[in-house]
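Subject: Structure for your review

Dear colleague,

Please find below the structure that I am handing over to you. I would be grateful if you could read the notes after it with the model open.

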Amino acid sequence: MTETEMVIIGGGIAGASTAYHLAQHGHDVTLLERGDIASEASGVNAGSIGATGWGHVPDLEAYLTMGSLEIFKTLQLDLGYDIEFRQSGTLQAIHTKAQYAFTHDRVQHLRAHGHSVELLTMREARSLEPELNPALLGCLYMPWRAQADPQKATRALAAAAARSGAHIRTQQAVTALQQRGDDTYLIETAHDTFVAGTLVLAAGAWCAEVGAWLGLRIPIVPVRGQMWATAQLGPRVFHTISSAESAMDWHHEPGNDQATPPYLTHRGSARRTRHLYGRQTRAGEIIFGGDRQVVGYHTVPDPAGIEVNHDHATEVLPLLHTLSITRTWAGLMPFSLDGAPLIGRLPQCRNLYIVSGLASSGFGRGPMAGKLLVDYIHTGHRHPVLAEADPARCVTVAE
Ligand SMILES: Cc1cc2nc3c(=O)[nH]c(=O)nc-3n(C[C@H](O)[C@H](O)[C@H](O)COP(=O)(O)OP(=O)(O)OC[C@H]3O[C@@H](n4cnc5c(N)ncnc54)[C@H](O)[C@@H]3O)c2cc1C
């Protein structure tokens with residue numbers, strides 16, 4: 001039996017960041033991961049980091065994105081981890097007049113609130129990204145957005161945590177949890193038993209399963225995301241690339257109900273919209289993805305969805321027409337039913353916390369999600385922006 005002050009379940013970006021920041025404050029913390037660090041969503045994502053600036057009145061989204069950007073910079077520039085970080089900016093392609101009108105309004109709204117975004121003509125966009133299709137109607141430019149290698153970044157956070165004194169234990173699947181009479185938690189894995197006074201759930205798409213062991217209903221749903229890659233080629237794509245189609249469709253109809261999260265590309269097996277994100281990695285592969293579908297814990301990519309996504313990407317970058325797909329993959333994103341993250345204390349149990357529900361943008365938001373949670377745990381004071389991520393809004397005791 002191992003006694004420790006705090007245990008974190010999950011070695012994705014959320015758990016690794018939580019471990020790093022807790023260890024920085026001198027806490028005795030053990031992270032338990034059933035596979036390797038970054039073996040699930042945090043290691044298979046596109047590596048796109050979203051941000052549009054702090055804005056005049058920074059909200060939760062501004063804190064999560066801009067704060068995470070600073071943590072990525074710290075890892076690479078101050079701590080010396082090569083995570084392939086680049087503040088490349090994003091270009092979002094506009095295909096139709098309706099998308100142009102929608103993006104125009106969005107840019108005006110964001111700029112009025114102090115965010116850094118610009119609506120570019122195709123001449124301006126192609127001077128930044130020469131391979132863009134000249135037939136597009138324009139591009140939304142977001143210069144704060146960035147990219148990094150997801151495996152390297154998540155592992156760097158875990159390594160920095162270990163260097164600060166955290167115990168990172170991989171191949172440790174938690175199989176049972178129990179809150180004991182003395183308010184400590186008994187955490188069982190196949191190899192060991194841990195006792196901790198504080199427990200943090202950072203189990204991504206598996207939070208519902210882990211919460212159920214404590215008699216809690218945590219409404220986080222696994223949503224499959226899938227991607228494809230070309231062979232390696234010389235540098236051709238410099239920004240992260242996306243499309244306005246899904247942004248407009250989700251603005252008009254987020255599509256959530258009591259059992260379905262918002263902002264999905266499919267309802268059941270029927271397609272609602274096309275979503276697109278991608279970039280060229282340092283190794284030279286051009287990688288793209290976009291589909292978000294509820295299919296349980298199934299992680300085999302759907303070839304029909306890959307084909308739709310490849311066609312969509314080719315509309316934006318015609319060079320993809322001649323490049324075949326060399327590999328595909330999928331992972332599970334943790335979506336909450338209202339689309340907002342869960343970062344904070346679970347009031348049903350003593351010293352129980354969660355950092356999850358980071359959905360489709362958890363790589364870019366996970367580092368600061370972990371830091372905000374740690375500031376709360378360490379000081380007992382919850383940052384005001386965490387009010388909208390309060391898990392108490394949706395987590396209940398299971399009947
Ligand atoms: C294909 C795809 C593309 C994406 N692209 C982007 C992108 O470009 N930008 C972006 O910001 N986000 C992107 N995302 C979303 C992002 O990857 C996730 O939001 C983020 O990684 C979630 O991090 P996490 O730490 O909460 O979960 P995870 O990374 O899933 O980590 C949870 C960990 O908990 C572990 N675990 C679960 N149960 C147990 C247990 N019982 N015992 C021990 N360990 C356990 C799992 O093994 C896992 O490693 C993408 C996701 C996918 C799938």
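This is a predicted model: local features need pLDDT of at least 70, side-chain atom pairs count only at pLDDT 80 or more; totals for chains, interfaces and linings use all residues.

Two packed helices are described by the angle between their axes and the distance between the axes. Helix H3 (residues 60-78) packs against helix H10 (residues 362-379) at an angle of about 95°, and their axes are 7 Å apart. The two helices are therefore roughly perpendicular to each other. Among the residues that make this contact are Leu64, Ile71 and Phe72 of H3, and Phe363, Met368 and Leu372 of H10. By class, the contact comprises 10 nonpolar, five polar and three charged residues.

The whole structure holds seven aromatic pairs. One of them joins Phe72 and Phe363, a tilted pair with 5.1 Å from centre to centre and 50° between the planes. These two residues are 291 residues apart in the chain. Phe72 is buried, with a relative accessible area of 0%, and Phe363 is buried as well, at 6%. Ring pairs also link Phe72, Phe85 and Phe363 into a cluster.

A further tilted pair is formed by Trp206 and Tyr297, whose ring centres are 5.9 Å apart, with the planes at 35°. Trp206 counts as buried at 13% relative accessibility, whereas Tyr297 is partly exposed at 43%. The charged end of Arg34 sits over the ring of Trp206, 4.4 Å from its centre.

Finally, Ser246 belongs to helix H8 (residues 244-252). Ser246 is buried, with a relative accessible area of 2%. Beyond its neighbours within four places in sequence, Ser246 is in contact with Thr273, Arg274 and His275.

Yours sincerely,
A colleague

Technical notes
Residues are numbered from 1 along each chain as its sequence is written. Side-chain values use heavy atoms; hydrogens and water are left out. Helices (H or I, at least four residues) and strands (E, at least two) are DSSP runs, numbered from the N terminus. Buried means under 20% relative accessible area, exposed over 50%, partly exposed in between (1.4 Å probe, protein chains only). Contact means heavy atoms within 4.5 Å. Axes are lines fitted to C-alpha atoms, for helices over the stretch in contact, and angles run from 0 to 180 degrees between N-to-C directions. Angles under 35 degrees count as roughly parallel, over 145 as roughly antiparallel, 65 to 115 as roughly perpendicular and the rest as oblique. Ala, Val, Leu, Ile, Met, Phe, Trp, Tyr, Cys and Pro count as nonpolar, Asp, Glu, Lys and Arg as charged, and the others, Gly among them, as polar. Rings of Phe, Tyr and Trp (its six-membered ring) pair if their centres lie within 6.5 Å; planes under 30 degrees apart count as stacked, over 60 as edge-to-face and the rest as tilted. A charge sits over a ring if NZ of Lys or CZ of Arg is within 6 Å of the ring centre and within 35 degrees of the ring normal.
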